[in-house]
Amino acid sequence: MIDFEALFKISYGLYVVSSGNKDQGSAYIANTFSQMTSEPPQFAIFCSKNNYTTELIKASGVYAVSVLAQDAPPEIIGRFGFRSGRDFDKLEGMNLTFGTTGCPIVLNNAIAFMECKVINTIDVGTHMMFIGQLLKSELLDGEAEPLTYAYYRNIRKGFAPKNAPTYIDKSKFEKKISGNFGKYECTACGYIFNEETGDPDNHIKAGTTFGELPAGWTCPICGAEKEDFILL
Ligand code: FE
């Protein structure tokens, strides 16, 4: 048997993985990033084949990893983790620096970053594993704690987005009783849409069901899409 609760005991951090160059770049949120060896310093990331950033890593052969601070706001998780770089420029308006290769590096809410050159790529099914050799790293804030995936899940009540290697499909466990108003929670930031009250601040009137929300509706706090909500 496979007990998914056992998998939640694996510890991870939360990172912004970016790639591209000075003209074009994108980034996504990863929890599966780890150091493989120290001599030389080599790292591994696992990126969904659906991620736009994966295409950029393949094309450029570089990626950067920014370590998020524990107090990183939900907007950052939503922007990079729950929306696609094909739909909008995730790096626009962000505080960026560029690595030795020109790879964009996200500094917002980051406490450290590493820039890596891809030295090996392994197809692991739904994801690509990119093994990288360290080119540059910098500690940005030696005092702040890094955000861990456990903290994000347990304290912040966040979940993994669909493209994460550790995603678990919660919809299998949910069933709304028809006729009753339901509440839907954004798995990125914790915002709750209540069908009974609607969201008057955002011009959604009371009694609007989740299914009736207009096409293209996204979380008013973090921008996550409808499928990233779960029924409470
Ligand atoms: Fe949200």
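The largest pocket is lined by 30 residues, and those nearest its centre are Asn51, Gly81, Arg83, Ser84 and Asn163. This is a predicted model, in which local features need pLDDT of at least 70 and side-chain atom pairs count only at pLDDT 80 or more, while totals for chains, interfaces and linings use all residues. Residues are numbered from 1 along each chain as its sequence is written, and side-chain values use heavy atoms, with hydrogens and water left out.

**The largest pocket**

A pocket is an open set of points on a 1 Å grid over the protein atoms alone, with protein on both sides within 12 Å along at least five of seven lines, and its lining residues have an atom within 4 Å of a point. The space in the largest pocket comes to about 370 Å³, where a volume is the space filled by probe spheres set on the points, and grid points are joined across faces, edges and corners.

At least two lining residues are supplied by each of strand 2, strand 4, helix 2 and helix 3. Strand 2 gives the most, with four residues. Helices (H or I, at least four residues) and strands (E, at least two) are DSSP runs, numbered from the N terminus. The lining divides into 12 nonpolar, 11 polar and seven charged residues. In this division Ala, Val, Leu, Ile, Met, Phe, Trp, Tyr, Cys and Pro count as nonpolar, Asp, Glu, Lys and Arg as charged, and the others, Gly among them, as polar.

Asparagine 51, one of the residues nearest the centre of the pocket, lies in the loop between strand 4 and helix 2. Asparagine 51 is buried, with a relative accessible area of 11%; buried means under 20%, exposed over 50%, and partly exposed in between (1.4 Å probe, protein chains only). The C-alpha atom of asparagine 51 is separated by 9.0 Å from that of alanine 27, and the two residues are 24 apart along the chain.

**The cavity**

The structure also holds one cavity of 30 Å³ or more. A cavity is a set of grid points where a 1.4 Å probe fits but cannot get out. The largest cavity has about 70 Å³ of space. Its lining has 12 residues, and Leu14, Ile29, Asn31, Ala160 and Pro161 are the closest to its centre. Strand 2 (25-30) and helix 4 (149-154) are the elements that give two or more residues to this lining. The lining of the largest cavity comprises 10 nonpolar residues, two polar and no charged.

**Salt bridges**

A salt bridge is a side-chain nitrogen of Lys or Arg within 4 Å of a carboxyl oxygen of Asp or Glu. By this rule there are two salt bridges.

| Aspartate 123 | Lysine 49 | 2.8 Å |

Lysine 49 counts as partly exposed, at 35% relative accessibility.

The other pair joins glutamate 55 in helix 2 to arginine 86 in the loop between helix 3 (74-81) and strand 6 (96-98), so parts that are 31 residues apart in sequence are tied together. Glutamate 55 is partly exposed at 40% relative accessibility, and arginine 86 is partly exposed at 45%.

**Backbone features**

The peptide bond from glutamate 39 to proline 40 is cis, with omega near -5°. Proline 40 is found in the loop between strand 3 (33-38) and strand 4.

Asparagine 109 has a phi near 60°, a positive value in a residue other than glycine. Asparagine 109 lies in the loop between strand 7 (104-106) and strand 8, and is partly exposed with a relative accessible area of 28%. Histidine 203, which is not a glycine, has a positive phi of about 65°. Histidine 203 lies in the loop between strand 11 (192-194) and strand 12 (229-231) and is exposed, with a relative accessible area of 74%.
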